[in-house]
Amino acid sequence: SQQEKIKIGVIAPLTGPSPECGDNIRTGVEVALADLKQQYGDRIEVIVEDDKFDPKESLNAIKKLIDADGIRVVIGSCSSSSTLAIAPVAEESKVLLFTPVSFAAKISESGDYVFRAALRSSEGAPIVADFIKNNPSVDKTAVIYINNDYGVSYFTEFEKAYENLNGSIVLSEAQEAASRDFRTALSKAQASGAEAIFLPLIGAQFIPFIQNMRELGIKMPV
C-alpha cells in the first residue's frame, strides 16, 4: 500500500579491522536515501547492523534483521567471507541480498537471491596479471594477500592467470585482517627476488604497508 514502510537492512563493518569499507557502504546508502525520500518520503526505513568484519557477527546480523525486523532486502557485506556466511540464510529465507563489494568467485554460486555489483575475482585477477606482465621490467612477482575468501580467491585466480602468461610468482604470503606490520613479509619478498608486489589486502592495510616499505627502503612497484 501507499502507506506501507519499505524496510531495508544493511550489514557492514562499522568497527573492527575494516571500518572504512562499512563507512563507504553507509555513506552510499545515505546518498541514495536523499534521492529516494523525494519520492517516498519517510516510508523508507533503513536498519544498519555492524558485523565488525566477522562472519559470525554477519550471521547474527542477518538473522536479527529477518526474524526481529521483518527485513526482506539486505545490502551487505564488505568481506567476501561475511557475504558467503549470510548467503545461505538469505537463500533459504528468500530474502534478497545485494553485496556492493565482495569479490570471491564462490559468491556467484550462492543462489538465486544473492546479487553483487563487484567484479568477480575470476574477472579482475586476469586484468591485474596482464597489466603486470606487460611491464617489461617485471617477470617475478610476490603476492601478499589477506587470509580470507576474498584474498584467497584473488590469489588463486591471479596465480592461474599470471602463470598462463609465463609470469613467475616467487612468494605468496597470507596476512590476517588485523595485520598492520608487514615488515617480515616484505623482507621475504625482497629476498625472493620479486620485482613487483601484488596486494589483495583490505583498504586499511595499504598505508601501513607503504610505510613499512619506506622504512625498509624497498622501492619495487606495488
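## Exercises on a predicted model

Phe 103 sits in the loop that joins strand E4 (96-99) to strand E5 (114-116). The model is a predicted one, so keep that in mind as you work through the exercises.

**Exercise 1.** Work out whether Phe 103 is buried, partly exposed or exposed, and find which residues it contacts.

*Solution.* Start with the relative accessibility of Phe 103, which is 24%. Buried would need under 20% and exposed over 50%, so Phe 103 counts as partly exposed. Next, look for contacts, leaving aside neighbours within four places in sequence: Phe 103 touches Ser 80, Arg 116, Ala 118, Leu 119, Arg 120, Ser 121, Tyr 150 and Tyr 154. Finally, take Ser 121 from that list: 18 residues separate Phe 103 and Ser 121 along the chain, yet their C-alpha atoms are 5.3 Å apart.

**Exercise 2.** Describe how helices H2 and H3 pack.

*Solution.* First, the axes of H2 (residues 55-67) and H3 (residues 80-93) come within 8 Å and cross at roughly 30 degrees. Angles under 35 degrees count as roughly parallel, and therefore H2 and H3 are roughly parallel. Their crossing is right-handed. Then list the residues that meet: H2 brings Pro 55, Ser 58, Leu 59, Ile 62 and Ile 66, while H3 brings Ser 81, Ser 82, Ala 85, Ile 86, Val 89, Ala 90 and Ser 93. Sorted by type, this contact has eight nonpolar, four polar and no charged residues.

Methods:
Residues are numbered from 1 along each chain as its sequence is written. This is a predicted model: local features need pLDDT of at least 70, side-chain atom pairs count only at pLDDT 80 or more; totals for chains, interfaces and linings use all residues. Side-chain values use heavy atoms; hydrogens and water are left out. Axes are lines fitted to C-alpha atoms, for helices over the stretch in contact, and angles run from 0 to 180 degrees between N-to-C directions. Helices (H or I, at least four residues) and strands (E, at least two) are DSSP runs, numbered from the N terminus. Angles under 35 degrees count as roughly parallel, over 145 as roughly antiparallel, 65 to 115 as roughly perpendicular and the rest as oblique. A crossing is left-handed if the near helix is turned anticlockwise from the far one by less than a right angle, and right-handed if clockwise. Contact means heavy atoms within 4.5 Å. Ala, Val, Leu, Ile, Met, Phe, Trp, Tyr, Cys and Pro count as nonpolar, Asp, Glu, Lys and Arg as charged, and the others, Gly among them, as polar. Buried means under 20% relative accessible area, exposed over 50%, partly exposed in between (1.4 Å probe, protein chains only).
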